[in-house]
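Please look through the sequence and the three-dimensional view below before reading on. The briefing that follows takes up individual residues, the chain as a whole, the ligand and the aromatic rings in turn.

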Amino acid sequence: MQATLIASLLVSTAFGAVIEDRSFLPQCIQYDDNYDDLTASLVPLTSPVGTYHGLNYGGFVVATPAPLTGGVEAQSAPNVAAATLQTDEIQLGSLSLQPFGTISAAPGTKAFDLSSFYFGCFLNDHTAAAVVSQGCTVAVTGFYLNGAQAPEVTFAFAPTSPTAANQVLATLPITYSGLKNVTFGVAGASVLAAGAGINVDNLRHCNYV
Ligand SMILES: *[C@@H]1O[C@H](CO)[C@@H](O)[C@H](O)[C@H]1NC(C)=O
C-alpha cells in the first residue's frame, strides 16, 4: 500500500517535471517561402516581396524568370525573390559586405531559424536581350536577438547554363537559430559586374512567435 503510494507520487512528480520542461521548449512554425502566391509584375522592380510568412524582405522583389531564357531558373516555378547588388558597402561587425538584401523578423515574429535556401546569381544589364547567369560567392551573416553576430557563411554558385541555370542549395549551420535578421551580400573585396543580382527560392525558416 505504502509502496504503491510512493510509486504514484514519483510518477506524478516525473510527469509534472516533463510537462514543465516542455513549456520552456521553444516552439517554432516552419515555412517554405516559394513566393508563388505573390504577384510578380512585368517590371520586376515594382513588386517588393515585403512581409512574407512573418519575415520582412528588404531589397527583394517578386520575379518570374522566363523559362529557358531567364538566366537562373526558379527551383519551384514560377516565382523567385530577386535582389540586385547594392552599390554601398555596409559594415556588419567585423564584416564588410556589399548587400543584395536582408530578411528580418517582422512584427509578430520574435526570432527565426534559417535552415536553407536555393539561389543563383545573374546579370541584368538592361541592354542585353536576355538575363544571363553568372558565377558568384554569396556571403550570409545575421544577428541574434541579443545583438550578437552569427558567423559569416559563404556559398558558391557555378552556373550550369548561361540562360537556364539551376539554382543551388545553400544549407545554413545550426548556429543560424534564434535570429532577428540576416543579410545576403558579397564580401567587400569580391568583384561582380554592375547589374549583378541574386535570386532565391524555397527559403526554409522556422518562426518563434
Ligand atoms: C540587424 O540587427 C543588427 C543588430 O541589432 C542591427 O545593427 C542591424 O541594423 C540589423 N539589420 C537590419 C537589416 O535590420
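Leu68 counts as exposed because its relative accessibility is 59%, where exposed means over 50% relative accessible area, buried under 20% and partly exposed in between, with a 1.4 Å probe and protein chains only. The model is a predicted one, in which local features need pLDDT of at least 70 and side-chain atom pairs count only at pLDDT 80 or more, while totals for chains, interfaces and linings use all residues. Residues are numbered from 1 along each chain as its sequence is written, and side-chain values use heavy atoms, with hydrogens and water left out.

**Backbone details**

- Leu68, which sits in the loop between strand 3 (55-63) and strand 4, has a positive phi of about 70 degrees although it is not a glycine; strands (E, at least two residues) and helices (H or I, at least four) are DSSP runs, numbered from the N terminus.
- Asn202, a residue of strand 15 (residues 196-208), is also not a glycine and has a positive phi, near 45 degrees.
- Asn202 counts as buried because its relative accessibility is 11%.
- Between Ala77 and Pro78 there is a cis peptide bond with an omega of about 10 degrees, and Pro78 belongs to the loop between strand 4 (71-72) and strand 5 (80-84).

**The chain as a whole**

- Of the 209 residues in the protein chain, 40% are buried.
- The protein chain has an accessible surface of about 10800 Å², and carbon and sulfur atoms account for 62% of it, with areas taken from the Shrake-Rupley method with a 1.4 Å probe and, for residues, only the protein chains shown counted as cover.
- When contacts (heavy atoms within 4.5 Å) in the protein chain are taken between residues at least 6 apart in sequence, 70% of them join residues at least 24 apart.

- Thr183 is part of strand 14, and Thr183 counts as buried because its relative accessibility is 5%.
- If neighbours within four places in sequence are left aside, the residues in contact with Thr183 include Ile90, Leu92, Gly101, Thr102 and Val140.

**Around the ligand**

- Thr102, Ser104, Phe143, Lys180 and Asn181 are the residues around the ligand, a residue being near a molecule if one of its heavy atoms lies within 4 Å of it.
- Taken alone, the ligand exposes 360 Å², and the protein buries 52% of that.
- Strand 7 (95-105) and strand 14 (179-187) each contribute at least two residues to this shell.
- An N or O atom in the side chain of Lys180 is 2.8 Å from an oxygen atom of the ligand, and a polar side-chain atom of Asn181 lies 2.4 Å from an oxygen atom of the ligand.

**Aromatic rings**

- There are eight aromatic pairs, where rings of Phe, Tyr and Trp (its six-membered ring) pair if their centres lie within 6.5 Å, and planes under 30 degrees apart count as stacked, over 60 as edge-to-face and the rest as tilted.
- Tyr57 and Phe60 form an edge-to-face pair, at 5.7 Å centre to centre and with 85 degrees between the planes, and both Tyr57 and Phe60 are buried.
- One aromatic cluster is formed by Tyr35, Tyr52, Tyr57, Phe60, Phe117, Phe119, Phe155, Phe157 and Phe184.

Terms used
Polar contact = N/O pair within 3.5 Å; in protein donor to acceptor, adjacent residues only side chain to side chain.
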